[in-house]
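Let's take a friendly walk through this structure, starting with how its chains are arranged and ending with the spaces inside.

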Number of protein chains: 2
Amino acid sequence: MKIQKQLSQSGFKSGSGFISDYQRLIKDVVLPYQYSVLNDEADGAEKSHVVANFKNAAKALKGEDTGDGFYGMVFQDSDAAKWLEAAAYSLVLFPDEDLEKRADELIEIIADAQDDDGYLDTYFTIKDREKRWKNLMEGHELYCSGHMIEAACAYYEATGKSRLLDVMTKNVEHIYRRFVTDKNEGCPGHPEIELALMKMYRLTGNEHCLELCERFINERGVNPHFYEEEAAKRDWTVWGNNPSDYDYLQGAKPVREQTDATGHAVRAVYLYTAMADLASQTSDEGLLKACRTLWESITKKRMYITGGIGSTVIGEAFSVDYDLPNDTAYAETCAAIGLMFFASRMLETDVDREYSDVLERAFYNGVLSGMQLDGKRFFYVNPLEAVPGISGASPTHRHDLPVRPKWYACACCPPNVARLITSFGKYAYGENENTVFCHLFADGEVKFENGMKLICQTKYPYSFEINYKVLNADGKAAIRVPSWSEKNYLFKKNGVVIYPLLKKGYAYIDVKDGDELMLDLDDTPYRVYASSKVPRLTGSAAICRGPLVYCFEGVDNDGDVLSISLKRSGAISLRQISDERLGYTEKLLVEGVRRERSDALYSTQPPKEAPYTAQAVPYYMWGNRGENQMRVWMNEAAEN
Amino acid sequence: MKIQKQLSQSGFKSGSGFISDYQRLIKDVVLPYQYSVLNDEADGAEKSHVVANFKNAAKALKGEDTGDGFYGMVFQDSDAAKWLEAAAYSLVLFPDEDLEKRADELIEIIADAQDDDGYLDTYFTIKDREKRWKNLMEGHELYCSGHMIEAACAYYEATGKSRLLDVMTKNVEHIYRRFVTDKNEGCPGHPEIELALMKMYRLTGNEHCLELCERFINERGVNPHFYEEEAAKRDWTVWGNNPSDYDYLQGAKPVREQTDATGHAVRAVYLYTAMADLASQTSDEGLLKACRTLWESITKKRMYITGGIGSTVIGEAFSVDYDLPNDTAYAETCAAIGLMFFASRMLETDVDREYSDVLERAFYNGVLSGMQLDGKRFFYVNPLEAVPGISGASPTHRHDLPVRPKWYACACCPPNVARLITSFGKYAYGENENTVFCHLFADGEVKFENGMKLICQTKYPYSFEINYKVLNADGKAAIRVPSWSEKNYLFKKNGVVIYPLLKKGYAYIDVKDGDELMLDLDDTPYRVYASSKVPRLTGSAAICRGPLVYCFEGVDNDGDVLSISLKRSGAISLRQISDERLGYTEKLLVEGVRRERSDALYSTQPPKEAPYTAQAVPYYMWGNRGENQMRVWMNEAAEN
């Protein structure tokens with residue numbers, strides 16, 4: 001059932017394009033910065049205390065005084081795990097002794113915090129060992145284990161060092177005993193370990209991983225009242241979550257019966273990712289069918305144009321169909337990342353650009369927007385409209401900040417961006433026995449396990465020409481033609497135009513050693529219209545070019561974008577710029593009108609309008625030039 | 001400083017127009033219905049228990065078993081007070097022995113619940129007398145007293161019976177002793193008693209009322225930490241309000257220093273009403289200046305086109321400037337009523353249609369929308385857009401119901417509408433020594449204290465001709481020309497066209513006994529545009545006619561209004577209809593286009609549009625024909 005699989009972690013080497021630049025930024029800036037945060041050495045950032053928590057947990061295990069004890073979220077450990085995972089990916093791209101040394105040290109600190117029985121979680125180890133496993137809903141022990149398992153796998157693959165993998169194998173056995181051998185009920189309140197167990201299973205062949213993953217997925221929602229029953233047995237909570245909110249916890253029904261993407265968006269897509277992975281691994285058609293239904297629920301009814309998902313701050317969750325507010329959006333960075341995970345696993349079951357288009361949409365918009373261009377500040381929440389004075393200020397917009405903060409008390413997103421970018425190759429490329437798959441376009445060298453190699457050269461998404469040199473090949477290259485380019489693209493093979501048929505949006509081209517392929521995609525900016533079922537998007541259009549959604553910021557538009565409307569048939573032109581704060585980018589200039597500003601709240605006077613050329617920048621760049629207005633969906637100019 | 005004053009309660013007698021029809025509905029349907037609710041005899045409505053609470057409180061005072069004790073909100077008593085007040089007004093309009101008998105009985109029940117020292121509040125009397133006056137923030141004892149004072153004054157004026165007035169005079173003396181004589185600190189968490197004390201002062205001349213009102217207004221916000229200090233002294237709360245939320249409680253600053261309308265919207269406008277009343281009574285220019293600033297804050301930056309205020313559900317409160325969402329609006333019915341109170345008091349200080357235009361806007365739209373046309377169901381929240389599937393369903397739209405419920409656990413709005421409509425004459429007309437003022441247009445007979453009389457005949461707002469017969473006059477009639485009619489209106493005096501100059505929107509016309517005046521206002525439908533500072537309203541227009549804001553409902557528009565845009569220069573025509581469910585009304589037919597429905601969430605295809613004539617009904621009528629889409633602000637059709 002698995003038609004192709006993600007590229008192996010070591011398969012991609014950065015080149016010199018857009019993705020490589022981002023990967024270098026992670027290595028040079030983000031990883032060192034986040035390391036300093038984890039060690040509470042970053043100026044002006046929220047306190048993290050992650051490393052200190054592990055050290056204090058080790059003391060607790062020895063019965064020593066735990067000093068300043070535990071600090072942070074119940075899942076604080078996972079920040080270290082995600083950093084380690086990102087560091088592992090970075091080491092593949094850019095070998096770095098110093099970074100590896102720091103990672104090794106951190107792994108020792110983590111290993112010291114593991115209990116004799118394999119248990120590993122600083123919150124409960126420091127605070128109260130008696131409370132272990134008594135609050136699956138909020139305790140996040142399985143979530144933290146999941147992230148540490150991912151880190152362990154990545155670090156082993158990157159370095160060959162098994163120290164953390166051994167720790168986590170012991171941890172998995174502890175969890176296996178509890179949930180399989182001893183038949184304790186319950187599933188993780190925050191899914192994550194499921195997808196991690198699948199990774200570990202593939203890496204190690206340990207059947208307990210697969211069995212445990214199946215156990216967590218198959219039992220989810222079978223007893224919707226589990227969390228209530230669990231809560232009734234204890235007299236404490238972590239943060240007072242409601243155990244009866246079945247949807248929030250993706251536990252209202254067995255997973256195979258779930259049809260709408262509901263609840264906490266990150267939890268949801270992490271779960272669906274594992275479901276898709278397990279389904280393809282075990283050829284479970286019923287489970288895969290549920291994944292397809294949930295995929296449709298998200299992408300056809302509950303997803304922003306940016307690939308952002310989870311539109312409401314209430315529960316950081318999916319709302320109902322077509323409820324996609326721009327200004328009060330939640331659209332957590334981690335949720336867009338999770339959607340990429342889900343898309344990538346679905347793509348393994350069916351090479352259809354339906355999945356890879358979303359993979360790309362989420363990455364270039366909803367994920368990249370989560371990080372400031374210099375790698376030093378982060379958005380947790382990614383609105384599609386910001387208006388200083390309202391955004392971050394109105395009671396309903398408190399979460400929608402107009403500029404990125406340095407760090408968060410709940411710091412899930414920053415290290416998640418780091419690990420995603422450094423592992424971009426896994427999502428961009430795939431393979432099976434005799435075919436290599438190019439889902440996304442990323443400059444660099446690609447080495448497949450089937451023996452084939454690709455060298456990709458491109459400045460995408462700021463150039464629409466992608467060149468491949470195929471090496472060591474005797475098979476096919478399947479290259480995605482994005483849906484936005486389906487009417488206008490060109491393939492060349494060894495300099496000769498070819499016309500490969502597309503199958504589900506992919507061109508399958510026979511390749512031999514030394515072949516050169518070129519794909520030229522449509523670079524014409526285009527408008528996007530939303531279904532009129534989305535109340536907030538009626539009467540407006542968004543401007544895109546290639547995979548990039550554009551937005552209009554005040555700084556480019558005389559300080560005010562709210563009074564601008566775009567002409568439906570107006571010309572769109574391109575301006576290349578190299579800006580001190582944005583670096584290189586390509587602005588779009590769009591014909592429109594500007595309404596004369598009026599101080600009257602309501603007026604019976606028809607608005608006076610004058611022609612205006614509005615300027616747009618890629619959405620992922622917004623908020624890099626100070627606090628100002630930003631809008632993705634622009635009103636269309638009215639017929640007079 | 002008081003230039004004119006509200007018409008006395010007994011000054012207006014219903015005629016046979018729009019207002020009179022509504023007043024008759026209150027008498028025939030609403031008052032009996034609400035009486036049955038208060039007595040827990042209404043089928044399918046939320047339990048009220050109001051009358052039972054008073055009876056049980058009387059038992060508590062005698063040390064008897066209180067049976068089923070207290071039930072409901074801490075301010076449940078006020079529902080009885082508002083009903084009594086409405087009944088009093090109704091008795092002036094439509095003498096009714098049965099109603100008066102029921103009111104007298106209720107008053108005896110209330111009187112029995114008063115403590116020997118004058119204290120009157122069933123919640124604390126039943127639950128715990130030791131907690132009296134220990135929680136001004138949440139306890140609502142002063143709020144309930146305020147409403148009962150208003151009822152007592154109204155009932156005395158209507159019937160000459162002083163039973164309730166005596167009870168409340170004793171209650172006021174109790175409060176006076178506590179806050180003036182004994183110098184206890186603190187102000188009501190929910191302002192209301194202040195405006196009631198001003199009414200009682202004018203009715204009775206009791207200086208303690210004035211003094212107490214001044215005490216509550218002048219001390220408000222002087223110690224912003226009062227509620228925190230108060231909370232620190234007790235170990236209980238009513239509903240866990242945050243004593244540090246100074247803005248919510250209008251207590252961040254002394255009232256004369258407040259510049260932005262903040263916090264719980266009903267509390268805010270009740271306070272401002274009393275401030276304006278006190279300022280004009282005592283010629284306090286500083287206080288009046290604060291009122292003007294707060295008025296501007298509301299009406300120029302924080303008010304819906306419907307006169308709805310308090311745009312956010314969070315705290316039922318004012319948000320920041322220009323944050324006026326249509327779909328997640330709160331716009332509580334009571335807040336629009338409170339805005340009318342405030343407008344009416346401001347109008348006493350300055351006869352400027354700036355105030356009376358808002359008075360009218362709020363009444364015909366934000367207030368009337370609060371009640372189903374048959375008087376049997378009520379909206380607490382009045383959104384400007386409803387989309388079944390999202391409204392009432394999305395986590396951020398739970399409060400925005402698409403159809404009116406029968407009653408509410410928190411039932412402040414229904415009886416508030418009843419008392420407002422039955423006292424409409426007070427807001428419509430005013431007077432001073434030699435002038436009568438016509439602020440609003442209401443068919444009926446008006447008798448002024450200055451001796452003059454008016455007989456007004458009109459079908460307004462479904463006719464734009466208003467005829468006055470002036471009797472017993474030797475002075476002036478000041479008649480408002482609404483701002484929407486300023487470019488097109490006509491006055492006749494005794495059949496001859498006259499051209500009176502307008503002063504702040506009012507025509508001052510010399511009148512003698514027997515004069516006949518006619519005013520013909522502009523009946524042309526018109527478009528309203530919002531300032532582009534309001535993010536949610538860019539690119540759209542609202543359709544109005546006279547004082548009525550119109551809306552588009554699915555039932556009139558093939559089930560879908562979201563896909564309709566209106567042509568900016570499109571014709572608007574009128575259709576008179578008499579509908580089984582709407583009764584008589586005048587629909588507006590507006591030229592527009594309808595977008596072809598698309599199931600694709602996002603599409604690069606330009607939308608296909610076809611001409612469509614959209615139908616609108618007055619906003620106050622929405623939601624009377626089942627659950628369907630509704631929109632006030634419509635997109636304007638794009639230039640192709």
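Predicted model: local features only at pLDDT ≥ 70, side-chain atom pairs only at ≥ 80, totals over all residues.

## How the two copies are related

## Where the chains meet

How many residues of chain A are in contact with chain B? There are 68 residues of chain A in contact with 68 residues of chain B.

In general, the size of an interface is often given as the accessible area lost when the parts come together. Here, the area buried between chain A and chain B is about 5,400 Å², and carbon and sulfur atoms give 53% of it. On the chain A side, the residues that lose the most area to chain B are A:R568, A:L601 and A:Y602, which together make up 15% of what that side buries.

## Polar and charged links

A:R568 also takes part in a salt bridge: its side chain meets that of B:E609 at 3.1 Å, N to O. Across the interface of chain A and chain B, eight salt bridges are found. If you count polar contacts between chain A and chain B, you get 28 residue pairs, with both residues at pLDDT 80 or more.

## Spaces inside

A search of the whole structure turns up 19 cavities of 30 Å³ or more. The largest cavity has a volume of about 380 Å³.

Which residues lie nearest the centre of the largest cavity? They are A:P535, A:R536, B:P535, B:R536 and B:T538, out of 21 residues that line this cavity. Sorted by class, the lining of the largest cavity has eight charged, eight polar and five nonpolar residues.

Technical notes. Residues numbered from 1 in each chain as written. Chains lettered and ligands numbered in written order. Heavy atoms only, no water. 1 Å grid on protein atoms, 1.4 Å probe; cavity = no way out; pocket = protein on both sides within 12 Å on 5 of 7 lines; lining within 4 Å. Points joined across faces, edges and corners; volume = space filled by probe spheres on them. Nonpolar A, V, L, I, M, F, W, Y, C, P; charged D, E, K, R; others polar. Contact = heavy atoms within 4.5 Å. Buried area = accessible area lost by both parts, 1.4 Å probe. Salt bridge = Lys/Arg side-chain N within 4 Å of Asp/Glu carboxyl O. Polar contact = N/O pair within 3.5 Å; in protein donor to acceptor, adjacent residues only side chain to side chain.
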